[in-house]
Amino acid sequence: MGNDAAPLRQRDKGAGRDLSYPPLPEPLSVPVYDNHTHLEIGDGENPLSYTEQLDRASSVGVRGVIQVGGDRETSRWSADMALIEPRMLAAVAIHPNEAPVYAASGTLDDAIADISELAARPRVVAVGETGLDFFRTEEPGHATQYRSFEAHIEIAKQNNLALQIHDRNAHAEVIATLLRVGAPERTVFHCFSGDAEMARICAEHGWYMSFAGNVTFGNAHDLRAALAVAPRSLLLVETDAPFLTPMPYRGRPNAPYLLPNTLRMMANHLETDVSLLSAQITSNTELVYGRWDAEPVTAAHDADRSDAQPTGGLA
Ligand SMILES: [Zn+2]
């Protein structure tokens with residue numbers, strides 16, 4: 001690997017984290033898709049390139065990913081890569097914690113206009129991640145988050161795309177916003193973080209709940225209670241890689257190939273068969289986003305391009 005394969009972004013190495021990638025899990029016999037990942041963010045001492053990540057994922061039955069952007073640059077990267085990589089579909093948005101940053105420089109409207117343009121591209125299947133984050137953004141930024149979230153909901157509806165919601169410490173406000181402006185037909189709570197009561201509300205409205213590696217954490221009792229009451233027809237699974245690495249590897253770099261760890265824990269908690277759950281979730285995934293081969297890639301994924309610098313020049 002040369003520098004050409006360097007990821008667009010690098011995750012903070014943190015203090016005392018084990019930076020080695022966990023081992024490959026046993027392959028799934030029924031394939032699934034990773035509903036939410038960030039392949040543009042490298043992690044560890046030697047970050048895997050996006051093709052290495054997807055190759056590893058394929059080898060354990062994770063057939064494809066929704067690659068999610070969170071600002072102008074990563075959203076464009078996601079849309080560009082989905083055009084050349086058959087295992088990737090894209091979601092584009094300005095993340096709720098980025099919206100106040102753009103607003104501060106007077107460029108939020110331009111950034112949202114970019115998202116609107118990218119949303120019309122082939123193989124862009126979702127608007128996200130968007131929503132409200134009252135954990136990392138303080139009060140003065142909340143009004144901006146609402147404005148951005150509502151604009152993203154509108155873009156999803158205009159383009160008949162799924163909506164991927166980032167909701168952190170803002171459950172009631174996110175739900176109220178969806179009900180006030182009208183949720184898109186396919187609405188997904190990415191990294192679902194509610195309890196059983198919230199899962200019932202989502203179920204009532206037909207909103208999907210995408211579970212990430214934190215459902216495996218020891219203290220995640222409320223989350224597992226939510227999983228238990230969520231209708232199987234509304235369940236999705238994701239990694240949110242490189243974050244939220246499932247147990248027993250919490251803190252190490254995460255990647256789509258670790259999705260089977262989360263899925264197996266979910267099946268165990270639901271006392272169901274892993275293959276049955278995989279089949280259900282894959283069916284749900286294709287209902288939300290469509291099939292990965294519904295729209296063709298524009299170029300063969302050959303050796304020359306697989307290690308290409310992921311930013312710029314591909315649009
Ligand atoms: Zn994410």
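Trainee: How many bridges join strand E9 (residues 208-211) to E10, and in which sense do the two run?

Mentor: In general, the strands of a sheet pair through backbone hydrogen bonds, either parallel or antiparallel. Here three bridges join E9 to E10, and the two strands run parallel. Within this pair, Ser-210 has Leu-236 of E10 as its bridge partner. Two strands pair if DSSP finds at least two bridges between them; the strands (E, at least two residues) and helices (H or I, at least four) are DSSP runs numbered from the N terminus. Please note that the model is predicted: local features need pLDDT of at least 70, side-chain atom pairs count only at pLDDT 80 or more, and totals for chains, interfaces and linings use all residues. Residues are numbered from 1 along each chain as its sequence is written.

Trainee: In what order do the strands of the sheet stand?

Mentor: The order is E2-E4-E5-E6-E7-E8-E9-E10, an open sheet of eight strands with parallel pairing. At the edges are strand E2 (32-37) and strand E10 (235-237), each pairing on one side only. From one strand to the next, the twist averages 30°. Helix H9 packs on this sheet, touching E2, strand E4 (62-68), E9 and E10, and its direction makes about 145° with that of E10. Contact requires C-beta atoms, placed from the backbone, within 7 Å.

Trainee: Is strand E7 (residues 162-168) largely enclosed or largely open?

Mentor: A residue is buried if 20 or more other C-beta atoms lie within 10 Å of its own, exposed if 12 or fewer, and partly exposed in between. Six of the seven residues of E7 are buried, so the strand is largely enclosed by the rest of the structure. E7 pairs with strand E6 (residues 124-133) in the parallel sense over six bridges, and Ile-165 in E7 stands opposite Thr-130.

Trainee: At what angle do helix H9 (residues 259-269) and helix H10 (residues 274-289) cross?

Mentor: Their axes cross at roughly 110° and come within 9 Å; axes are lines fitted to C-alpha atoms, for helices over the stretch in contact, with angles from 0 to 180 degrees between N-to-C directions. H9 contributes Leu-263, Arg-264, Met-266 and Ala-267 to the contact, and H10 contributes Val-274, Leu-277 and Ser-278.

Trainee: Why does Val-215 count as buried?

Mentor: Val-215 counts as buried because it has 22 C-beta neighbours inside 10 Å. This residue lies in the loop between E9 and helix H8 (221-229). Not counting residues up to four places away in sequence, its contacts include Leu-223, Thr-262 and Met-266.

Notes. Contact = placed C-beta atoms within 7 Å.
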